[in-house]
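Me: I'd like to go through this one with you and learn where the labels come from. Can you show me what we're looking at?

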Amino acid sequence: DTGFKMYQVTSEKDSVNFINLNAKLNKDIFSVEEYGLSVDADDNSDALNNLIEYLQKHGGGTILFPAGIYNMGKRVGVKSGINIQGVNPHRTVLRMFGTTNYSLFDNGERMLYNARFQNFKIDAYDHLPSVYSTDAKGFNFHNAQNCIISDLVIQGTNGTGIGTDFLVATKIFNNHVIECGKGWKNIEGYEGGSGIGIGTGFNPNETFIVSNNIVERCGQNGIFFEDQGIWGGYNYVSRGQIVSNNTIRDGRKNGLAIRGNTFVNFNNNLVYKNVNGFFADLYAQEVKLNNNQFILNSYGMWIEGKDLDYQTKLVDINSNQIIRNTTAGIRINADNTRDINLMGNTIQENAQGLVVVGSGKRFTAVNNVITQNTSTAVTVQGSHEDFIFKNNIVRGAKNVTATFTGETTMNEL
């Protein structure tokens, strides 16, 4: 029996091209140099896939990449209970290359449980697909639970850098995401292309935290959430999402963006030099934005609804600093929105301060400071039901051509 078992292990190692046939099985950390990967290899993807398959059969573990640049020219299928770790995000580099679309790490249709990805860099500047695809990401996960993506540098992906859908108890933190979504263009057919993009709506009680990331010079969005149920086939509403202490800068369109989703808290983020600092449309609801800074964007915040079936509603904007934005501090296209509440914000030194157009319901602005804006402090147009504007400090021109119905006794405009 003993001889048979030893033969099986040796045979399996031979079949996956392991270099060290005497590598121990009873350990938790597996250095790739012992298992067929090398900084000198033209492509390490197959060897890494083989190692992952091997570890899945033997209880999982941590795959360690020593310092070096490792060529990765194909998709790598990640599995539950298997961690991938480098020694330092500036010393361990996984290099994507070629002209074929692929995402480096992908779990396919399997649920991914209890996996960590830490301390390495994904460098995709040499990955240059001839045709744009959203499937050209650093991470392309669907259904992940109790996972961690942290302490990485991800740069130059053609699609989204960290693209994950349907997360439960998962954390994405301390990453530096640079120039991801490089293939994105602001025309139809070039959707996606964010720094961090998360789809929701497949699992009940989806919960995740995105914190302490630096996201710069990315494509359509810096950090983006989208409820996939909008497009059909998914029935759950995501719950419990926290986005805090991130810096999002110099993006090609939106800094923070949300489409759909409920119970989302955006706290203490610094968002500057994007087109829109914050963008929300199409069924965003029960959203809180507290203590963020939106500075030197074109629009500090842009909020809109689409139609009656997908209203944007129950959005609280409290104690934010919205300053020096070059077109407007806050613009709200109020059609198909309701219960948008602004309280205690500083809206200063923008081209325009607060702009509300269209026809909305139950808009409230209380205790805001709206001063030193270049053109107009407050512009309100359209027809509004239950419009409350009270106890704000306003200095500058007001352009109010709207009609108001419903509750108007507290409308100081």
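Reply: Let's start with charges: Lys and Arg count as positive and Asp and Glu as negative, with His and the chain ends not counted. The place of a charge is NZ of Lys, CZ of Arg, CG of Asp or CD of Glu. On that basis the protein chain has 35 positive and 39 negative charges, and their mean positions are 4 Å apart. Keep in mind that this is a predicted model, where local features need pLDDT of at least 70, side-chain atom pairs count only at pLDDT 80 or more, and totals for chains, interfaces and linings use all residues. Residues are numbered from 1 along each chain as its sequence is written, and side-chain values use heavy atoms, leaving out hydrogens and water.

Me: Why is S31 called buried?

Reply: Buried means under 20% relative accessible area (exposed is over 50%, partly exposed in between; 1.4 Å probe, protein chains only). S31 has 17% relative accessibility, so it counts as buried. S31 sits in strand 1 (residues 29-31). Beyond its neighbours within four places in sequence, S31 is in contact (heavy atoms within 4.5 Å) with L64 and P66. Across the protein chain, 54% of the 413 residues count as buried.

Me: What makes a stretch a strand here, and how many are there?

Reply: Strands (E, at least two residues) and helices (H or I, at least four) are DSSP runs, numbered from the N terminus. The protein chain has 41 strands and two helices. One of the strands is strand 22, residues 254-259, and five of its six residues are buried.

Me: How do you know which strands pair with strand 22?

Reply: Two strands pair if DSSP finds at least two bridges between them. Strand 19 (residues 221-227) has five bridges to strand 22, so the two count as paired, and they run parallel. Within that pairing, I223 has L256 as its bridge partner. Strand 25 (residues 276-281) is also joined to strand 22 by five bridges, again parallel, with N254 opposite N276.

Me: What makes strand 7 and strand 11 a pair?

Reply: Two bridges, in the parallel sense, and at least two are what the rule asks for. F105 stands opposite F139 there. Strand 11 (residues 139-145) has five of its seven residues buried. Strand 8 (residues 112-113) also pairs with strand 11 over two bridges, while strand 14 (residues 162-173) is joined to strand 11 by six and runs parallel to it.

Me: What is a nonpolar core, and which residues touch the most other members of the largest one?

Reply: A nonpolar core is a set of buried Ala, Val, Leu, Ile, Met, Phe, Trp, Tyr and Cys residues joined through side-chain atoms within 4.5 Å. The largest has 84 residues, and F105, F117, F139, F225, F266 and F278 touch the most other members. Its largest share, six residues, comes from helix 2 (residues 45-57). Another core lies apart from it, with eight residues, including F279 and Y299.
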